[in-house]
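Visitor: I would like a close look at a single part of this protein. Please keep it brisk.

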Amino acid sequence: MRPTQVLQGGGAPNPKINHWLGDWGSFGGFKQKGIVDYGLSANRQNPFAGAAHDAIFNTFRRTKAQVFYWLPPLLAGYYLMNWATERNHYLNSKAGRAEFAEEE
């Protein structure tokens with residue numbers, strides 16, 4: 001007959017007597033009952049089910065939420081580049097060179 005844990009002089013269970021793993025993280029202890037775990041084999045799943053639908057509507061939702069963060073700087077940059085390109089074309093044209101010929 002084996003002595004009980006109390007008679008062996010320790011509050012912690014003896015690993016030789018039962019399946020106790022240690023204090024850290026509360027490993028071990030009583031085996032749990034009533035937990036059912038179901039699984040599905042990888043070759044029985046449909047990983048792309050609804051992918052096209054989710055891609056369209058998720059993209060719309062995320063764009064709608066972020067549009068005011070990226071659209072104003074994008075428009076400002078576009079109009080600034082458009083102005084700079086037109087100004088460069090004007091300054092390098094015959095009329096622009098005639099207008100600003102004295103400044104150089």
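Where in H1 is the kink centred?

Guide: This is a predicted model, so treat each value below as computed from it. The kink in H1 is centred on Val 67. Its angle is about 60°.

Now look at the whole helix. H1 runs over residues 51-91. A straight helix of 41 residues would span 60 Å, at 1.5 Å a residue. H1 spans only 52 Å between its end C-alpha atoms.

The partners are Tyr 78 and Tyr 79, with ring centres 5.5 Å apart. Their planes meet at 70°, and edge-to-face means over 60 degrees, so this pair is edge-to-face. Both side chains sit in the open. Tyr 78 has 52% relative accessibility, so Tyr 78 counts as exposed. Tyr 79 has 55%, so Tyr 79 counts as exposed too. The cut-off for exposed is over 50%.

Then follow the chain out of H1. Ser 93 is found in the loop between H1 and helix H2, which covers 94-99. Ser 93 has 25% relative accessibility, so Ser 93 counts as partly exposed. A polar atom of the Ser 93 side chain lies 3.3 Å from the backbone nitrogen of Gly 96.

Finally, step back to the whole protein. The secondary structure comes to two helices and zero strands. Of the 104 residues, 5% count as buried. The protein exposes about 10300 Å². Carbon and sulfur atoms supply 61% of that area.

Methods:
Residues are numbered from 1 along each chain as its sequence is written. This is a predicted model: local features need pLDDT of at least 70, side-chain atom pairs count only at pLDDT 80 or more; totals for chains, interfaces and linings use all residues. Side-chain values use heavy atoms; hydrogens and water are left out. Helices (H or I, at least four residues) and strands (E, at least two) are DSSP runs, numbered from the N terminus. The expected span of a helix is 1.5 Å times one less than its number of residues. The bend at a residue is the angle between axes fitted to the seven residues ending there and the seven starting there. Buried means under 20% relative accessible area, exposed over 50%, partly exposed in between (1.4 Å probe, protein chains only). A polar contact is a pair of N or O atoms within 3.5 Å; within protein, one must be able to donate a hydrogen and the other to accept it, and residues adjacent in sequence count only if both atoms are side-chain atoms. Rings of Phe, Tyr and Trp (its six-membered ring) pair if their centres lie within 6.5 Å; planes under 30 degrees apart count as stacked, over 60 as edge-to-face and the rest as tilted. Accessible areas come from the Shrake-Rupley method with a 1.4 Å probe; for residues, only the protein chains shown count as cover.
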